[in-house]
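Work through the exercises below with the sequence and the model in view. Each task is followed by its solution.

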Amino acid sequence: MEIGGNNISSFSPEENHLSIELSSERISYSLLNTNNLKYFYFKSVSATENNSIVNIISSEEGLKQEYSSSSISYKDFPSTLIPNELYKEEEKSKYLEFVKGNLESIKTDVIHQIDSTIIYSVGKDIENVINQIQPKISEKNSTNVSICQLIKQYGNKKEKTAFIFVDKNNIELIVLEKGILIFQNYFTVSSSTDILYYTLFCFDQLNLDTHKNELFLFGEISKGDENYSLLYDYIRNIKFGEISSSLSFTKELTMLSKHKYFTLYSQLLCV
């Protein structure tokens, strides 16, 4: 999917910021005009059996320009959160080995809002190709961006509030209470029933009321689809999340669902 123009070479890279969101199965990116602070271009490409995500990155001309600045958020890669009072830099690989073995490039972000560090692993082939096309890119984990922006937008809510980020093969659940993170985790899913099971499990374990507490939806979920309908059968107070009202978009980009690319567009708000 591409929105905002068919010929990216007609843009002036030196006047734009490049934002990328990358998972092992999809890359989405958008361009922000740094003069009027308005997003004007968007493209998303999914990997296939015959076209890996590394090949897609290497072939996307829009990713190879020399922009005024660039940022990337890595989504759905192995990760774990450690409170800073317990975190030791020399132990970062051991922390992550509890999540997954055979680690490649290990990266860390400090999440200042919760005084914690997120440790995550990205494949060497992905790291190399990103460094080749955008050597000065600013890197973050998407969970860092999500937590940062959710606290900014929803931190004034007094009741426990849940947020679900739905992707093809996994979901991320985050719960805030009075602007404080009380839960975050990823779950592998293969059906709508799996999504419902893990969501209800979290509601039960954290004492959230399925008739009272709010659940905000992000990512690959739409009103009326199977995922939405099954969640709504059990959780009555569900809503679609919104990106920050401080962000500006061209008319063409307002076509995009505002809950679907929350972390992509929130990158610049969480520097």
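**Exercise 1.** State what share of the residues in the protein is buried.

Solution. Buried means under 20% relative accessible area, exposed over 50%, and partly exposed in between (1.4 Å probe, protein chains only). Of the 271 residues in the protein, 52% are buried. The model is predicted, so local features need pLDDT of at least 70 and side-chain atom pairs pLDDT 80 or more, while totals for chains, interfaces and linings use all residues. Residues are numbered from 1 along each chain as its sequence is written, and side-chain values use heavy atoms, without hydrogens and water.

**Exercise 2.** Compare the radius of gyration of the protein with that of a compact globule.

Solution. The radius is taken over C-alpha atoms, and the globule rule is 2.2 Å times the number of residues to the power 0.38. For 271 residues the rule gives a value near 18 Å. The protein has 19 Å, which agrees. Its C-alpha atoms fill a box of roughly 50 × 45 × 40 Å along the principal axes.

**Exercise 3.** Find which residues of helix H6 are buried and what covers them.

Solution. Helices (H or I, at least four residues) and strands (E, at least two) are DSSP runs, numbered from the N terminus.

1. H6 spans residues 226-234, and Asn227, Tyr228 and Leu231 are buried there.
2. These residues lie on the same side of H6, because their arc around the axis is only 95 degrees (directions from the helix axis to the C-beta atoms).
3. Glu226 and Asp233, on the other side of H6, are exposed.
4. The cover over the buried residues includes helix H5 (192-205) and strands S10 (161-166), S13 (215-219) and S14 (238-240), where contact means heavy atoms within 4.5 Å.
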